[in-house]
Amino acid sequence: MQRRVVMNYVSILSLQSPHQFTPSLQLEDTKLTTFVLAGGCFWCLDAVYQRTRGVHAVISGYIGGHTNNPDYRQVCTGTTGHAEGVAVIFDPQIVPAEVILDMFFTVHDPTTLNRQGYDVGTQYRSAMFPLDDEQRELFADAINKFAPLYPNPIVTTIEESKDFYPAEQIHQDYYSANQDVGYCRVIIDPKLAKVRKYYARWLNEA
């Protein structure tokens, strides 16, 4: 299964992208697993997983839409059908898949339909994109696990893993290069603080 997951990851990220972003991943890294997740602005999930032990790469991109090679401006209109998502490539021998999913449901609100805070639109929907049946079952279990913990119903969708288009270079590891930007201070910093509170042992930083 893991080799298939990695190969699928290489496949979805080898599309001809107008953004000229080419992630690196060695094919022999068959121990790695890839989760494709969407939970609002991809800058937020990217910031969290970039700082998680056992994560080899995080790719921000667009998935789940009907337009080929969309760019950020197009996706922001909400007309392409894409969600802002991240491909999280991690070593489950270092960080369990359950922890990756627990972080996902902790740092965003999975009960608000097509919305995360001030970000409104289908591009900000809470969604999971399994690469195989095993992941589909794993994702469904994660939703059921967190459902009792929220006062409102979880609206996270499990969707077909359509083509994943890497976002423009400026969106990759955005937080690290823009920590003084207002959005990072107001939106991302509290999410990172929450992760540090509950998942400190899984982070590369204090």
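Buried residues are those under 20% relative accessible area, exposed residues are over 50%, and partly exposed ones lie in between (1.4 Å probe, protein chains only). By this rule, 51% of the 206 residues of the protein count as buried. The model is predicted: local features need pLDDT of at least 70, side-chain atom pairs count only at pLDDT 80 or more, and totals for chains, interfaces and linings use all residues. Residues are numbered from 1 along each chain as its sequence is written, and side-chain values use heavy atoms, with hydrogens and water left out.

**View A. The open sheet of 6 strands.** The strand order is S7-S6-S1-S3-S2-S8, with mixed pairing; two strands pair if DSSP finds at least two bridges between them. Strand S7 (157-158) and strand S8 (165-166) are the edge strands, each pairing on one side only. In the whole protein there are 7 helices and 8 strands, taken as DSSP runs (helices H or I, at least four residues; strands E, at least two) numbered from the N terminus.

**View B. Strands S6 and S7.** Strand S6 (residues 126-129) runs parallel to S7 and is joined to S7 by 2 bridges. Met128 stands opposite Ile158 in S7.

**View C. Helices H2 and H5 on the strands.** Helix H2 (residues 42-50) lies across strand S1 (33-39), strand S2 (55-63) and strand S3 (83-90), running at about 170 degrees to S2. Helix H5 (residues 133-146) lies across S1, S6 and S7, at about 45 degrees to S1. Axes are lines fitted to C-alpha atoms, for helices over the stretch in contact (heavy atoms within 4.5 Å); angles run from 0 to 180 degrees between N-to-C directions.
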